[in-house]
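Here is a short report for a reader who is new to this structure. Please look at the sequence and the model, then read on.

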Amino acid sequence: MSPVSDAVPPLSAWRRFLEGDLWYSFRHSPVAQIAALLVFVCAFCALFAPWVAPHNPFDLSTIELADAQLPPAWLPEGRATFLLGTDDQGRDILSALMYGARISLLVGLAAVALSLLFGVALGLLSGYAGGHVDAFIMRVCDVMLSFPAILIALLIDGVGRALFPHAHDTLAFTVLILAIALTGWVKYARTVRGSTLVERHKDYVQAARVIGVAPLRIMWRHVLPNVTGPVLVLATIDIAAAVIIEATLSFLGVGVPPTSPSLGTLIRIGNDNLMSGMWWITVFPGAVLMILALSVNLLGDWLRDALNPRLQ
Amino acid sequence: MSQPPLLEVSHLRVEFPTRRGTLLALDDVSFSIAPGEILGVVGESGAGKSLTGSAIIGLLEPPGRIAAGEIRLDGRRIDNLSPAEMRRVRGRQIGAIFQDPLTSLNPLYTVGQQLVETIRTHLPLSGTQARERAIDLLRQTGIPAPEARIDQYPHQFSGGMRQRVVIALALAAEPRLIVADEPTTALDVSIQAQIIALLRRLAREHGAAVMLVTHDMGVIAETSDRVAVMYAGRVVEIGPVQQVIHHPAHPYTRGLMGSIPVMDEDRERLTQIDGAMPRLNAIPSGCAFNPRCGEVMPRCLRERPELMSAGATRAACWLHDAGAAA
Amino acid sequence: MSHLVEVQDLAKIFDVSSPWLNRVVERQPRRFVHAVDGVSFGIEAGRTLALVGESGCGKSTVARLLVGLHAPSRGQVLFDGQPTLQTLASSQARNLRRRMQMIFQDPYASLNPRWRVKDIVAEPLREHGLAKDKAEVSDEVEALLRAVGLAAADAGRYPHQFSGGQRQRISIARALATRPEFLVCDEPTSALDVSVQAQVLNLMKDLQRERGLTYLFISHNLAVVRHVSDDVGVMYLGHLVELAPKAALFESPRHPYTRMLLDAIPDLHMSGRARTPVQGEVPNPLNPPTGCAFHPRCPHANARCSQERPRWQSLAGIQIACHAVEEGRL
């Protein structure tokens with residue numbers, strides 16, 4: 001009997017992407033394009049800061065106190081080499097922004113990655129195993145949700161500092177990333193658990209059980225690929241949230257160590273100097289933080305709508 | 001047929017504009033229903049039968065739209081009415097029954113509230129009169145103790161009972177036409193029989209015409225007077241139900257009848273139509289059935305056949321072209 | 001006559017009580033659904049037993065009990081003489097799973113949408129180590145796809161690129177990968193169009209003949225059952241009420257429910273049978289009637305029917321559970 005499938009050969013992954021709905025949606029969404037551009041610029045500058053930044057604000061040998069407190073270049077006392085001015089120590093604001101964004105993004109991405117791993121794993125386990133395991137994990141989630149995120153981060157951070165009072169910088173970073181990760185994992189766990197509960201009862205999972213595949217393997221190879229859709233959207237928006245939490249913590253002085261200032265640290269430094277009239281030290285880091293968070297959020301919004309089959 | 005038709009669909013064309021081009025979902029569909037007649041519309045998934053029902057009720061999901069053709073109810077065009085006018089026609093002249101009784105009823109309102117609301121929207125009755133009528137409708141649809149059950153919520157009814165309520169709702173304003181889209185598919189077999197008998201009886205009693213859309217030929221055999229067979233957005237055969245079942249003229253109808261397993265016969269092999277119904281973006285030129293037809297001729301690949309007389313039915317097939325050599 | 005599959009007093013009770021906290025606060029009792037309540041039958045090798053019934057009768061649950069997707073609350077299943085429940089918990093589980101497979105109802109949910117067809121069909125081969133290397137896996141997959149009427153090129157595609165009928169063929173190919181002897185088919189054509197159903201049913205009959213397969217065929221469509229089965233079992237609210245060879249069941253049904261069911265089918269050919277009007281609906285499984293589950297709807301019920309559950313017994317070549325038949329009233 002003649003086979004009924006189409007005669008078209010299967011396309012490569014790249015071609016399928018180009019002809020897919022996601023790329024089409026992107027091409028027709030100016031907001032998504034602008035957001036993506038902004039994120040790209042920030043990420044590029046942050047990643048390649050040592051090569052792109054005009055100065056290295058953390059190399060003590062290049063800083064001169066004589067250059068301190070200079071306003072942005074377009075104002076009367078500004079100088080072209082320091083495009084956005086300098087702070088009270090003589091560090092170039094523009095370069096500090098790039099290095100700061102680097103720290104912020106690094107911490108944000110690492111925290112989200114950790115959060116994602118932990119949350120997705122627990123959510124999968126919870127949804128697949130059901131029963132007491134599910135009940136227990138969900139109660140833990142409920143408890144975690146009743147704490148404000150900042151409070152949790154402060155708590156973990158405080159405990160970390162108490163345990164390791166003479167911590168090295170890397171340890172401080174680790175504690176910070178852990179703190180932020182622990183504030184955000186619950187939403188991944190819940191989302192993935194919901195999707196897992198649905199997928200678990202579908203026939204293809206039952207078919208795998210009839211074949212004799214072990215439960216862990218079913219969770220990993222069958223269920224996981226089907227529940228990651230909403231996670232992607234959540235993670236994108238979460239990056240913005242993580243960056244802001246980190247900025248808040250750094251602003252409060254309990255975030256990144258002072259030797260590697262992030263955008264939040266810069267805002268704090270600027271805040272101390274606000275009354276002296278040096279508005280540029282606070283405003284520019286604040287603006288960059290805002291633009292970064294906004295762009296990432298807009299990108300996440302677009303992604304969620306683009307991936308939602310019902311809106312098409 | 002001496003009476004003028006109640007519903008007349010002429011050359012209906014429904015399109016779905018998508019970013020990959022316009023899909024033609026219904027292509028030159030024409031048929032009519034006389035007052036009090038039950039027309040079955042049968043076809044497989046993708047044939048366009050539900051879409052035809054939606055177009056008539058005026059509930060086409062955007063971006064679908066009626067691109068050409070006319071739909072006339074009692075001589076008056078209804079395909080080009082404004083949404084407000086269509087709302088008045090829907091319910092008063094046309095009643096609708098859908099497949100899933102669970103989602104056809106609002107779970108937050110009692111059955112009585114929904115019935116009375118529909119009745120009072122279309123008929124000039126007072127609250128008490130409307131309630132009386134609602135109770136009477138429930139009784140007619142075979143719901144026991146209607147005076148008590150009228151104040152119950154949909155979830156307190158079983159599936160079959162809910163579908164009876166939906167039928168009562170459809171009849172509430174005494175419509176002339178009822179469009180029923182797979183009314184028994186979601187029900188158990190023993191309930192199916194009850195519901196289709198009920199539908200047929202009530203339609204006769206109220207003098208309403210019925211357009212019964214379904215994929216189940218058995219249901220059509222039991223209820224309908226005439227049947228229209230749809231394939232790839234077109235009507236390929238139409239005629240009295242017994243004729244279409246026992247003397248199908250179109251090769252697709254023949255294949256369809258042969259592939260249905262029947263209760264009182266033992267067949268070794270079911271008739272099989274190789275291949276599948278074409279997707280909307282790949283409909284063959286000429287006759288849409290030509291790739292799968294066992295009796296295809298060169299003409300079938302070039303020219304699209306109109307419905308033509310073929311014995312006791314009308315079929316869209318060049319085999320029955322009286323004027324041409326075979 | 002030895003049965004390949006033998007089921008003895010099989011039962012499955014689901015606990016559908018509210019969560020513990022709700023029960024304590026609202027003082028609700030525990031609630032159970034007897035989805036399958038004592039079912040016994042046997043299937044000979046190479047034959048097809050069909051189980052029919054309306055929704056809630058437990059036929060799908062029986063199917064799942066047979067392949068080990070649920071553990072029975074009572075009774076046992078014997079495959080080739082060995083009890084399946086113990087075998088599945090032992091080191092012999094792999095062997096048993098190789099010999100029996102399942103085909104599901106929903107062609108859209110039974111294939112993992114993220115996997116390619118070749119991985120879907122190859123999974124049983126890989127899991128059971130039935131092919132030595134990638135080339136052999138590939139060859140075997142190709143052979144299986146061709147056996148079900150698909151092309152070798154289809155292996156590289158994703159399920160959403162196929163129609164419902166084609167997906168069911170892929171499911172069948174996957175089920176045949178381990179060369180099983182026994183296939184449990186849970187409404188394999190219910191979600192398909194009539195003409196596609198014909199293709200799949202013909203295919204299944206051909207495969208049965210070629211490979212000597214034994215089928216348990218679950219369906220609610222009596223006409224389909226008439227076409228595919230050798231023996232037919234009718235279920236109602238978790239019980240088997242009648243089991244007979246196909247000809248006997250369709251020509252002279254004994255149990256009142258079987259008769260009611262056969263009468264209710266909308267008849268394509270309008271053979272003008274006399275019909276008993278159908279009454280009532282399937283009762284709520286949480287609150288089943290006492291005695292015989294069918295007695296509220298049965299035109300032949302007497303006092304005994306409402307108190308005593310009829311025994312499953314052999315009578316004149318068929319098996320049936322009915323007081324009226326036992327007493328000779330019917």
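## Chain A

Of the 312 residues of chain A, 43% are buried. A residue is buried if 20 or more other C-beta atoms, placed from the backbone, lie within 10 Å of its own; it is exposed at 12 or fewer and partly exposed in between. This is a predicted model: local features need pLDDT of at least 70, side-chain atom pairs count only at pLDDT 80 or more, and totals for chains, interfaces and linings use all residues. Residues are numbered from 1 along each chain as its sequence is written, while chains are lettered from A and ligands numbered from 1 in the order in which they are written.

Chain A has 13 helices and zero strands. Helices (H or I, at least four residues) and strands (E, at least two) are DSSP runs, numbered from the N terminus. The C-alpha trace of chain A spans about 85 × 50 × 30 Å along its principal axes. Two residues are in contact if their C-beta atoms, placed from the backbone, lie within 7 Å. Among the contacts in chain A with a separation of 6 or more, 69% join residues 24 or more positions apart.

## Chain B

Chain B holds twelve helices and twelve strands. Its radius of gyration is 21 Å, close to the 20 Å that the globule rule gives for 326 residues, so chain B is as compact as a globular protein of that length. The radius is taken over C-alpha atoms, and the rule is 2.2 Å times the number of residues to the power 0.38.

The C-alpha atoms of chain B fill a box of roughly 70 × 50 × 45 Å, taken along the principal axes. Buried residues make up 48% of the 326 residues in chain B. For contacts in chain B between residues at least 6 apart in sequence, 64% link residues at least 24 apart.

## Where B meets C

Here 35 residues of chain B are in contact with 31 residues of chain C. On the chain B side, helices H8 (189-206), H9 (217-223) and H11 (251-259) each supply at least two residues. H8(B) gives the largest share, seven residues.

By class, this side of chain B has 16 nonpolar, twelve polar and seven charged residues. Ala, Val, Leu, Ile, Met, Phe, Trp, Tyr, Cys and Pro count as nonpolar, Asp, Glu, Lys and Arg as charged, and the others, Gly among them, as polar.

## The sheet of chain C

Four strands of chain C form an open sheet in the order E2-E1-E4-E5, with antiparallel pairing. Two strands pair if DSSP finds at least two bridges between them. The edge strands are E2 (32-44) and E5 (82-83) of chain C, each pairing on one side only.

Strand E1 (residues 3-15) of chain C pairs with E2(C) in the antiparallel sense over ten bridges. C:Val5 has C:Ile43 in E2(C) as its bridge partner.
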